[in-house]
Amino acid sequence: ELHGGHQTISLAALRRAVQLERQRTFEQDPKYALRLLVDIAIRALSPAVNDPTTAVQALDQIEDLLRRLGQRHLEIGAVRDSAGDVRVIFPTPTWEDFLSLAFDEIRFYGATSLQVMRRLHTALCGLAGTVPLERQKAIRQYIEHLGMNVKSSILDSEDQKIAMQQDRQGLGMTRT
């Protein structure tokens, strides 16, 4: 829909102003990169593959991407003209959307893996220390949710403690 303006624009001219490609790129859509990494992790966590180390390696890359995104201005869904008037509005993902995309499925499919839970906890704690203050609340809520997930999916209380320790490699080398 077009609103405002002092001139009409032909449908053909409008269509020429929008560029569509067959493939998404990481630069144009960071959700695409996250989705690919999450897919690698959850495939690795499937019962047929059962490779938590690959999931942990995917989490390494996911954390790196989120650290970069966490420093950026994400609310870019409006384009203004030279006078400052809004000309184009489009939906963009929020920080919470990125966190959910990056971690929800891995948290679900890796819920019984100590290695994955430790690495996921470490990623969240690492992000909390690097993103602006206004984004830290969402991470703290996610850490709480992860703790509840660990308590409900890992039966042994000792393993629950181990699952919530920080461990960059997920291999049992805790960081204090």
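Y142 is buried in this predicted model, with a relative accessible area of 9%, where buried denotes under 20% relative accessible area, exposed over 50% and partly exposed the range in between (1.4 Å probe, protein chains only). F103 is likewise buried, at a relative accessible area of 0%. The model is predicted, and local features require pLDDT of at least 70, side-chain atom pairs count only at pLDDT 80 or more, and totals for chains, interfaces and linings use all residues. Residues are numbered from 1 along each chain as its sequence is written, and side-chain values use heavy atoms, with hydrogens and water left out.

Two aromatic pairs are found in a search of the whole structure, a pair being rings of Phe, Tyr and Trp (its six-membered ring) with centres within 6.5 Å, counted as stacked if the planes are under 30 degrees apart, edge-to-face if over 60 and tilted otherwise. F103 and Y142 form a tilted pair, 5.8 Å centre to centre with 55 degrees between the planes. This pair links distant parts of the chain, since F103 lies in helix α4 (residues 95-109) and Y142 in helix α6 (residues 133-153), 39 residues apart; helices (H or I, at least four residues) and strands (E, at least two) are DSSP runs numbered from the N terminus. The pair of F108 and Y109 is edge-to-face, at 5.0 Å centre to centre and 85 degrees between the planes. F108 is exposed, with a relative accessible area of 58%, whereas Y109 is partly exposed at 45%.

F90 is placed in the loop between β2 (86-89) and α4, and is partly exposed at 34% relative accessibility.
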